[in-house]
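Work through the exercises below with the sequence and the coordinates at hand. Each task is followed by a stepwise solution.

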Amino acid sequence: IHLTGNNILLTWTKADCATQYRIEYASDPSNGASWTALGNATTNAFWQGETTGNPTRFYRIVSLP
């Protein structure tokens, strides 16, 4: 996770088994039902969006076949 100005930039290494990636966020990562997708899946190994602010968010990248 990198901050560029007030924008969040996520980067990751592509997985051999994946053709797309879904970016998700949650304010309570221990609650499995709280994870929410941020837009459509991407084929890139980066995602830029959202401005920093409250509440605190946790992010994860889900690889898709």
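A residue counts as buried when its relative accessible area is under 20%, as exposed when that area is over 50%, and as partly exposed in between. By this criterion, 25% of the 65 residues of the protein are buried. The model is predicted.

**Exercise 1. Overall layout**

Task: State how many helices and strands the protein has, and give the order of the strands in the open sheet.

Solution. 
- Step 1. There are zero helices and six strands, so that the elements read β-β-β-β-β-β from the N terminus on.
- Step 2. Along the principal axes, the C-alpha atoms fill a box of roughly 35 × 30 × 15 Å.
- Step 3. Three strands form an open sheet in the order β4-β3-β6, and the pairing is antiparallel. Because β4 and β6 each have a single partner strand, they stand at the edges, and one side of each has no neighbour in the sheet.
- Step 4. For contacts with a separation of 6 or more, residues 24 or more positions apart account for 62%.

**Exercise 2. The surroundings of Glu-24**

Task: Is Glu-24 buried or exposed, and which side chains make polar contacts with the side chain of Glu-24?

Solution. 
- Step 1. Glu-24 belongs to strand β3, which spans residues 20-26.
- Step 2. The relative accessible area of Glu-24 is 6%, so this residue is buried.
- Step 3. The side chain of Glu-24 has a polar contact of 2.7 Å with that of Arg-22, and another of 2.6 Å with that of Arg-60.
- Step 4. Beyond its neighbours within four places in sequence, Glu-24 touches Trp-35, Thr-36, Ala-37, Leu-38, Phe-58, Tyr-59, Arg-60 and Val-62.

**Exercise 3. The nonpolar core**

Task: Which residues make up the largest nonpolar core, and which element gives the most to this core?

Solution. 
- Step 1. The core has 10 residues: Ile-8, Leu-10, Trp-12, Ala-18, Tyr-21, Ile-23, Tyr-25, Leu-38, Trp-47 and Tyr-59.
- Step 2. Two or more residues come from each of β2 (7-11) and β3. The most are given by β3, with three residues.
- Step 3. Take Leu-38 as a member of the core. Outside four places in sequence, Leu-38 is in contact with Ile-23, Glu-24, Tyr-25, Trp-47, Glu-50, Arg-57 and Tyr-59.

**Exercise 4. Aromatic rings**

Task: How many aromatic pairs does the whole structure have, and what is the geometry of the pair formed by Trp-47 and Tyr-59?

Solution. 
- Step 1. The whole structure has two aromatic pairs.
- Step 2. For Trp-47 and Tyr-59, the ring centres are 6.4 Å apart and the planes meet at 40°, so the pair is tilted. The cut-offs behind this call are under 30 degrees for stacked and over 60 for edge-to-face.
- Step 3. This pair links distant parts of the chain, with Trp-47 in strand β5 (residues 46-51) and Tyr-59 in strand β6, 12 residues apart.
- Step 4. Trp-47 is buried at a relative accessible area of 15%, and Tyr-59 counts as buried at 19%.
- Step 5. A further ring, that of Tyr-25, has Arg-57 over its face, at 3.7 Å from the ring centre.

**Exercise 5. A loop residue**

Task: Is Asn-40 buried or exposed, and how many residues separate Asn-40 from Arg-22 in sequence?

Solution. 
- Step 1. Asn-40 sits in the loop between β4 and β5.
- Step 2. With a relative accessible area of 73%, Asn-40 is exposed.
- Step 3. Asn-40 and Arg-22 lie 18 residues apart in sequence, while their C-alpha atoms are 7.0 Å apart in space.

Technical notes:
Residues are numbered from 1 along each chain as its sequence is written. This is a predicted model: local features need pLDDT of at least 70, side-chain atom pairs count only at pLDDT 80 or more; totals for chains, interfaces and linings use all residues. Side-chain values use heavy atoms; hydrogens and water are left out. Helices (H or I, at least four residues) and strands (E, at least two) are DSSP runs, numbered from the N terminus. Buried means under 20% relative accessible area, exposed over 50%, partly exposed in between (1.4 Å probe, protein chains only). A polar contact is a pair of N or O atoms within 3.5 Å; within protein, one must be able to donate a hydrogen and the other to accept it, and residues adjacent in sequence count only if both atoms are side-chain atoms. Contact means heavy atoms within 4.5 Å. Rings of Phe, Tyr and Trp (its six-membered ring) pair if their centres lie within 6.5 Å; planes under 30 degrees apart count as stacked, over 60 as edge-to-face and the rest as tilted. A charge sits over a ring if NZ of Lys or CZ of Arg is within 6 Å of the ring centre and within 35 degrees of the ring normal. A nonpolar core is a set of buried Ala, Val, Leu, Ile, Met, Phe, Trp, Tyr and Cys residues joined through side-chain atoms within 4.5 Å. Two strands pair if DSSP finds at least two bridges between them.
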